[in-house]
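Hello,

Here is the structure I promised to hand over. Please have a look at it before reading my notes below.

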Amino acid sequence: MSGKETIERWVGARYPRKEDAALLTGNARFIDDMEPVAGIRHAAILRSEHPHARIISIDTSKAEALPGVRGIITGADIAQTIAPIPSAVRVPIKFYPIAIDKVRYVGEPVAVVVAENRYIAEDAVELIEPVYEELPATADPETAMAENASLLHDDVGSNIVHHRTFRYGDPETAFERADKIVRLSWRYPRYASTPMETYGLVANFESQPDRYTIWSNFQGPFILHALMTGALGVPGNRLRLITSPHSGGSFGIKQAMFPYMVLLAASSRILGCPVKWIEDRLEHLTASSSAADRADGVEAAFASDGELLGLKFDNIVNVGAFVRAPEPASVYRMHSASNGCYSVRNIAVENRLVVTNTTPIGLNRGYGGPQFYYALERVMDAGAKELSIDPAEIRRRNFIRAEEFPYKAPAGATYDAGDYEAGLEQALELAEYEDLKLAREQARANGKLFGIGMAAGVEPSGSNMAYVTLAQTPEERAKAGGRSGGLGTATVSVDPSGSVTAKTVSTPAGQGHQTVAAQVVADALGMRPDQIDVITEVDTLTSAWSLASGNYANRFSAVVIGAIADAAEKVAKKIKLIAAENLEVAPEDIELVGGNAQVVGVPEKALPVRRVAAQTHWHPAGLPKAMEPGLFETTIMNPEMLDAPDDQDRVGSAVTFGYVFDLAAIEIDRETGEIEIKKYVSVHDVGNVLNEIVVEGQIYGGFAHGLAGALLEEFVYDAGANPQAGTFADYLCITAPEVPELTIGHFNTPSPHNALGAKGMGDGSSMLAPTAIANAAADALGTFDVELPLTLNKNWAAANGLPYQRAGAAKAKVGDGPREALASKGGLNGEGSVELSASPADVWKLLLDPETLAAVVPGCDKLTQVSEDSFTAEVTIGVAGIKGVYNARIDLRDKVEGESVRLIGKASGALGFGQGEGSVVLERIDDNCTRISYNYNANVGGKVATVGQRMLGTVTKLLISQFFRGFDRRLKSGNANDKSSGSIFRRLFARRAR
Amino acid sequence: MKPVAFEYCRPDTMEETMELLAEFGSDASIISGGLSLGAMLNMRLVRPVALIDINHLSELADIEIGDANATTGALVRQATAMNSPGVVSGVPLLAKALPWTGHYQTRSRGTLGGSVAHADPSAEIPLILVTLGGVVKLQSPGAARDVPAREFFHGLLTTDRRADEMITELTWPLRRDNTGYAFEELAQRHGDFAITAVAAEVVVANDGDIIDLSLGLGGVEDRPIVANTSAFLGKPATEETAREIAEMVAETIDPMIDLQANADYRRQLVRVLGARVLSAAFVDATAATEVA
């Protein structure tokens with residue numbers, strides 16, 4: 001389609017995206033392209049390299065003295081300038097956008113440097129000297145929940161910062177009646193949909209009157225505007241937020257930049273200059289935001305015929321170091337749809353939010369959906385297996401039936417429209433399900449690991465802001481006053497020249513809002529989409545916005561599009577009124593076609609819309625009586641079904657409920673652990689399709705993000721809560737070649753909740769692909785115990801019944817039974833033994849001799865014996881050009897003369913820090929030969945761990961080998977009996993066979 | 001993600017380059033494609049006083065196919081080598097491995113010499129050079145020297161190159177009669193650092209016995225290594241032998257451990273990929289023999 005031709009109806013057409021030309025030709029402007037005020041200075045942020053530590057002092061004097069530095073802001077400055085940022089959870093946690101007294105996660109801001117340019121700012125960051133007192137840290141929610149856990153927020157008295165239970169129907173009786181109860185528990189990994197463009201902003205403070213202006217690529221929701229004004233202590237009209245013309249992807253992540261907006265706004269105020277900050281990728285991967293990792297469990301009660309009688313969800317959410325707004329929403333977004341696609345009405349839910357020494361979580365594509373469906377849809381597959389019912393059939397038997405819509409779900413959601421069984425049938429047909437099952441049988445007969453997995457889900461869209469208040473008890477809510485709604489706003493105007501502009505506050509990040517809005521307005525006004533300009537930049541001082549404005553929860557086609565259609569209708573109506581008077585017919589007889597207002601059936605009797613529009617501006621006196629001049633219509637609409645939660649915690653959480661059914665067939669290579677996706681079918685009910693190109697793009701994108709969580713992406717933390725995946729070398733972001741072809745099906749039931757019959761969409765398979773793939777893997781491997789992401793090594797180990805713990809990963813594994821965390825040290829582990837040509841007594845003497853240690857510890861520049869069993873040293877460690885000087889302390893413990901000793905070491909330097917423990921055991925072989933056996937466990941933190949994870953194990957081994965090589969040399973130089981002809985070390989460390 | 005300040009030098013001749021190396025020595029970093037160095041600079045993992053940009057040394061950008069060897073200047077781009085007919089026919093193992101080096105875009109900028117100088121344990125180009133028994137030519141202000149590739153790589157990102165030397169040329173032995181080649185690697189995503197990469201050059205006699213064999217492993221230890229397979233010379237070039245060799249080699253290595261893979265898995269990949277690569281190389285050699 002050229003886009004220039006005129007067709008009867010643009011909505012529903014495969015109209016090419018209006019946005020693409022600018023994006024593809026480099027003409028789109030992003031936040032880093034903007035220089036909205038003169039005299040901008042640039043910020044760099046000093047971040048904590050410790051997961052948990054008390055801040056003793058921060059010496060900024062050297063940094064301040066650096067030429068080009070405008071100033072340095074620390075937590076103390078910020079605490080004097082702003083108030084804490086409010087939270088939805090009522091616990092005594094003061095959340096500032098910068099560390100005040102403690103650091104609680106690696107990457108938490110500690111100081112802001114503002115300088116002439118980013119280079120100088122980063123130079124100055126290196127000159128700041130913070131002094132910390134380290135505290136015990138954990139990234140693991142179950143460890144953090146333990147009695148004796150180190151507390152992140154002392155005033156709370158526990159790391160569990162939110163705990164609520166819910167009960168719908170009669171779950172207890174349902175479980176008593178059950179023929180079969182299926183229980184699962186698992187860890188859901190932490191990952192995020194890393195957008196191409198990171199956070200960016202320019203913040204400027206002006207006086208007389210005091211006003212903050214922030215240009216940014218913030219995505220909303222604009223309810224956070226209220227939190228920001230609260231922290232900054234200004235009325236709403238004194239915080240002006242302006243968004244950039246384009247945003248390079250968000251997927252929810254750019255919601256969580258609001259603390260940085262507050263931080264840099266306050267910095268601008270303190271230093272008296274506009275400040276620009278563009279987040280870099282290192283900052284983004286360690287300290288922006290992600291979806292939650294969870295330690296969840298589920299129980300399902302089934303009758304023997306497969307009827308799902310009841311569900312119990314046990315959700316433990318690792319919320320990160322703070323409960324950053326809108327958390328705990330991630331665990332409540334799916335809450336009112338806890339029955340999924342099924343007619344089960346007996347449901348119990350227990351939600352616990354746990355703080356750990358990890359980056360705070362936030363919005364991410366699917367927001368709470370992937371984690372929820374991992375529970376529901378895995379237990380449906382497990383139930384099917386246990387009851388020997390086909391997984392498609394068990395779902396079919398439990399689906400809400402087509403004639404039951406609109407369907408009131410037990411926890412309060414109103415499902416607007418659907419036909420879940422028809423969608424399933426379509427998916428089975430597209431997948432050729434019966435053939436697929438035969439193929440599985442055949443593959444298995446040949447010893448192959450072939451699995452089929454499926455998942456079904458509703459897709460809530462257009463959120464009720466009130467669902468977040470489920471975090472409070474009905475009594476607390478009653479006290480706080482009602483909360484509800486999800487306003488959509490839009491403006492459509494026609495200027496004196498007759499050109500049309502539509503304005504939304506939907507802050508798109510690539511979704512194609514401009515295209516679809518133009519289609520809708522074109523239909524209403526009888527024009528072409530290319531004639532409609534759509535402005536999506538938000539300016540809170542000039543745009544029609546409200547709390548719910550922004551780009552999240554699939555709200556564009558669920559809510560915003562209704563406001564656009566309504567505003568366009570109002571303009572059309574006015575045009576018709578004017579044209580009717582001019583043409584002397586009734587307004588009902590006017591239609592808008594091809595740029596004209598014409599009389600129905602008499603197309604030659606027509607006026608160009610352009611002329612009508614001109615009249616409203618040029619000749620208002622000639623307008624019909626009592627008509628307002630101009631053509632400028634704004635609609636603010638609230639979907640009526642969005643009310644406050646009732647006293648039984650039921651809430652209509654969203655406007656429309658789409659439907660997704662995914663089916664995956666995979667084969668796992670027993671030899672290499674590779675997963676081949678043989679087939680992936682995804683059927684969607686998005687209501688009426690507004691633009692198939694846009695819809696398909698969203699379906700593919702959602703699928704890619706879901707697949708990423710299933711197979712590749714994870715923010716790994718070690719046992720000491722040090723992040724291990726700080727670059728794209730270790731955080732394996734999915735790219736196009738990893739995404740297989742999708743078989744997409746549409747099965748559309750128009751929504752009555754929306755003028756266009758559309759439902760929200762976009763999360764799609766990001767919610768279901770992790771589960772469909774996990775179910776397929778479980779089917780292939782013959783176990784319910786699978787854990788995402790399904791990496792090569794993990795799959796190979798699982799396929800061959802071998803234990804596997806990801807190096808550097810701290811997550812304790814949880815079994816099927818009662819929650820029993822298996823202890824795991826994580827970090828770098830190793831062991832080895834060497835034989836030395838000396839007696840144990842000689843080896844022992846030399847091993848504890850400071851002079852020897854100084855000579856053989858790799859890179860040791862200086863070694864001091866502090867006490868009999870303590871040493872401090874200055875060591876230079878490095879490979880290639882990556883060198884650092886470290887201050888180390890080594891303590892000897894549990895000395896058994898001539899036999900064994902335990903070493904505890906700690907080192908810190910510019911590139912990072914580490915601590916470790918090792919033990920050394922001496923064993924006499926003969927008078928001239930001693931075997932030293934050693935093992936070690938080390939945790940490395942700081943930059944070197946975050947960005948150089950790949951190299952750590954190798955470097956550790958290298959250092960140990962250097963140590964023993966030096967030791968051997970030393971031993972020999974002092975040992976006349978040296979059998980130098982064949983040093984074991986020379987053999988051990990000689991280059992391997994050429 | 002901004003480098004520390006450094007002096008930027010862009011010599012136009014080798015003489016100027018050598019003067020700069022003499023002046024800065026270990027304080028200098030040489031940059032060609034910058035694909036690894038750029039990231040290390042930005043992350044401030046390396047902090048050179050001077051950056052010597054050799055992209056204007058056009059004499060280092062040539063590929064020459066001689067009688068027994070191909071020589072590639074240090075500045076030859078990976079994409080150029082991959083698409084060079086001389087490399088494809090003369091050094092087929094390099095041509096087979098290059099599509100696995102990074103991505104389409106990075107190969108347009110990345111150089112053969114840069115990859116060898118950086119010495120990542122997983123990198124394909126050093127692996128192929130070691131497998132084929134190639135040579136690294138180094139130039140210092142005073143002298144030039146040739147280092148056999150198998151002695152050039154010392155360990156993780158560490159080589160035999162001295163601070164005042166730069167790599168000027170790589171020498172690749174040309175395909176001989178009765179020779180077969182194969183390459184395979186596995187990573188989580190195509191273009192990632194290989195968890196394990198395996199390259200093989202085999203010479204198979206007309207009677208089907210193995211005359212010569214070089215099995216290179218990348219991503220397994222701290223540098224590309226060539227397995228000791230001498231026990232298998234004279235054995236028949238069959239799938240079974242391929243499996244036996246891979247099995248034996250897998251037991252002798254001391255693999256790295258990282259976030260992506262543990263030692264057992266790397267050993268397993270040596271077993272699986274080793275057997276596949278050797279079998280493919282045997283087939284390739286037999287085909288070459290038949291043509292000859």
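Chain B has 11 helices and 14 strands. Both are DSSP runs numbered from the N terminus: helices are H or I with at least four residues, strands are E with at least two. The radius of gyration of chain B is 19 Å, close to the 19 Å that the globule rule gives for 292 residues, so chain B is as compact as a globular protein of that length. (The radius is taken over C-alpha atoms; the rule is 2.2 Å times the number of residues to the power 0.38.)

This is a predicted model: local features need pLDDT of at least 70, side-chain atom pairs count only at pLDDT 80 or more, and totals for chains, interfaces and linings use all residues. Residues are numbered from 1 along each chain as its sequence is written, and chains are lettered from A and ligands numbered from 1 in the order in which they are written.

On confidence, the model scores ipTM 0.96 and pTM 0.93. Chain B averages a pLDDT (the predictor's confidence in each residue, from 0 to 100) of 96.

Of the 292 residues of chain B, 54% count as buried, with 20 or more other C-beta atoms, placed from the backbone, within 10 Å of their own.

Now the interface. In all, 43 residues of chain A are in contact with 36 residues of chain B; contact puts C-beta atoms, placed from the backbone, within 7 Å. H25(A) gives the most to chain A's side, with seven residues.

Best wishes

Technical notes
A residue is buried if 20 or more other C-beta atoms lie within 10 Å of its own, exposed if 12 or fewer, and partly exposed in between; C-beta atoms are placed from the backbone. Two residues are in contact if their C-beta atoms, placed from the backbone, lie within 7 Å.
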